[in-house]
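User: I have a structure to go through before a meeting. Please take me through it, quick and plain.

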Amino acid sequence: MEAHVRPSPDEIRGWLAEVPDPEIPVISVVDLGIVRDLAWEGETLVVTVTPTYSGCPATAVINFAIEDALRARGIGNLRIERSLTPPWTSDWIGDAAREKLRAYGIAPPIDGTAADGQLLGRIGRLTGGSNLAVACPRCGSNRTERVSQFGSTPCKASWRCTDCLEPFDYFKCI
Amino acid sequence: MGDTTLVLGHRLSEWCGHGPVLEEDIGVANIALDLIGQTQFWLGLAREIEGRGRSADDLAFLRDVWDFRNVLLVELPNGDFGQTIMRQFLFDAWHVAMLRALTSSSEPRVAEIAVKAIKEAHYHLEKSADLVVRLGDGTEESHRRMQAALDILWPYAGEFFLGDATDAVLAEAGIAPDPASLRSAWDATVLPVLAEATLAVPAGTFAQKGGRRGIHTEHLGRMLAEMQFLQRAYPGATW
């Protein structure tokens, strides 16, 4: 490839749509909504990535994976930048990715239920005091209950189904 | 902010593998992770402002006790699980109030960290408040332990609201709130939960202080000895 023929950001985004999230490999870093921007600065590609949870240990691995994938496509000159604004929200996970999560056994996030400071209202919602129904990703039943709002990774909560009795992960909303 | 989240994050990480039940072990480890992640943002900003070439890791691992500006509450040993949860609740209630104020900081780099961190802090508060009620209004033994924890920790909570000349400058510039201004929001969160937990608020207004001036309890040095061991023994080690 000649130096002046630079792949477009859309084309690059398509490549990154094949880079799996290291913790939840059925969805890609693009599905997750953490690739915020792709832009050329002269001959340097600047990839802007936002973290999901502040302390997510996968953040560094994701950056390596993005860099690896782009180098494999011949982009040697690149820089990964972190952006915090706007902060990542689980609402950014696309519809197709939600189906992939469900098929993988993770109940996808329900938009608009992130912790928002309405403490008692939120406790009510999550303990069955409202119509929030997290469907079991295995049998589809809405008769489920939360075991713990902290799960196997920072972005997941532990739930169980009271019909099929299977435990499952629920994508934690922020 | 960064020292307080770092020290508490490390204290919580000491529970990893020792929690009373699996879900709590995982929950506490997750909160530790969030706090250490937030520490990377705060100390990252501190190193940027300092501009002397020290990294966030240098600030975490190569400063000594008197350089730390965390409140004393977070450096206290964990005690039993009830005491850890009570400390977390008293901290979370302040953390949410502080972060909420910082979201409108005149310094955009402060505001953006606060906007990110408050989403996580709400989850932490939800969990610790829930457990304080369940354990306080639980069995005779869990109630006794939670009351004992509150009696030990209460005098340390007052430090959150004490300001100094630096705080006054920050408040004047709209960068951070006057610490005293957070008291009413904290009371409004903490007191109803303690009442629901059937716990008695200790009498007296004496507040332990010193952490924010670098004057610490003997516990911080021991904690740093463990936390900083690797970088002290093998300077520059990476993996």
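**Chain by chain**

Analyst: In chain A, 51% of the contacts with a separation of 6 or more are between residues 24 or more positions apart. Two residues are in contact if their C-beta atoms, placed from the backbone, lie within 7 Å. This is a predicted model: local features need pLDDT of at least 70, side-chain atom pairs count only at pLDDT 80 or more, and totals for chains, interfaces and linings use all residues. Residues are numbered from 1 along each chain as its sequence is written, while chains are lettered from A and ligands numbered from 1 in the order in which they are written.

User: What share of those contacts is it in chain B?

Analyst: For chain B the figure is 71%, again for residues 24 or more positions apart among contacts with a separation of 6 or more.

User: What pLDDT does chain A average?

Analyst: The mean is 86, and 86% of the residues score at least 70. pLDDT is the predictor's confidence in each residue, from 0 to 100.

User: Which element of chain A has the lowest mean pLDDT, and which the highest?

Analyst: Helix α4 (residues 119-126) of chain A has the lowest, at 49. Strand β2 (residues 44-49) of chain A has the highest, at 96. Where pLDDT is low, the predicted coordinates should not be read in detail.

User: How many helices and strands are in chain A?

Analyst: Four helices and seven strands. Along the sequence, chain A reads α-β-β-α-β-α-β-α-β-β-β. Helices (H or I, at least four residues) and strands (E, at least two) are DSSP runs, numbered from the N terminus.

User: And how many in chain B?

Analyst: Chain B has 10 helices and zero strands.

User: What about its radius of gyration?

Analyst: Chain B has 18 Å, which agrees with the value near 18 Å for a compact globule of 239 residues. The radius is taken over C-alpha atoms, and the globule rule is 2.2 Å times the number of residues to the power 0.38. The C-alpha trace of chain B spans about 55 × 40 × 30 Å along its principal axes.

User: New topic. What strand order does the open sheet in chain A have?

Analyst: The four strands run β4-β7-β6-β5, with mixed pairing. β4 (106-107) and β5 of chain A are at the edges with a single partner strand each, so one side of each has no neighbour in the sheet. Strands pair if DSSP finds at least two bridges between them.

User: Which pairs run parallel, and which antiparallel?

Analyst: β4(A) and strand β7 (residues 167-171) of chain A run parallel, joined by two bridges. β5(A) and β6(A) are antiparallel, with four bridges. β6(A) and β7(A) are antiparallel too, with five. A:S158 in β6(A) is opposite A:S148, and A:S158 also faces A:D169 in β7(A).

User: Is β6 of chain A mostly covered or mostly exposed?

Analyst: Mostly covered: five of the six residues of strand β6 (residues 156-161) of chain A are buried.

User: What sits between β6 and β7 of chain A?

Analyst: A hairpin turn of five residues, including A:L165 with a positive phi of about 70 degrees. A:L165 is exposed, because 10 other C-beta atoms lie within 10 Å.

User: Where in chain B is T198?

Analyst: B:T198 is in the loop between α8 (183-196) and α9 (218-227) of chain B. Phi of B:T198 is near 55 degrees, positive in a residue other than glycine.

User: Last one. Which peptide bond is cis?

Analyst: The one from A:T85 to A:P86, with omega near -5 degrees. A:P86 lies in the loop between β3 (78-82) and α3 (95-104) of chain A.

Notes. A residue is buried if 20 or more other C-beta atoms lie within 10 Å of its own, exposed if 12 or fewer, and partly exposed in between; C-beta atoms are placed from the backbone.
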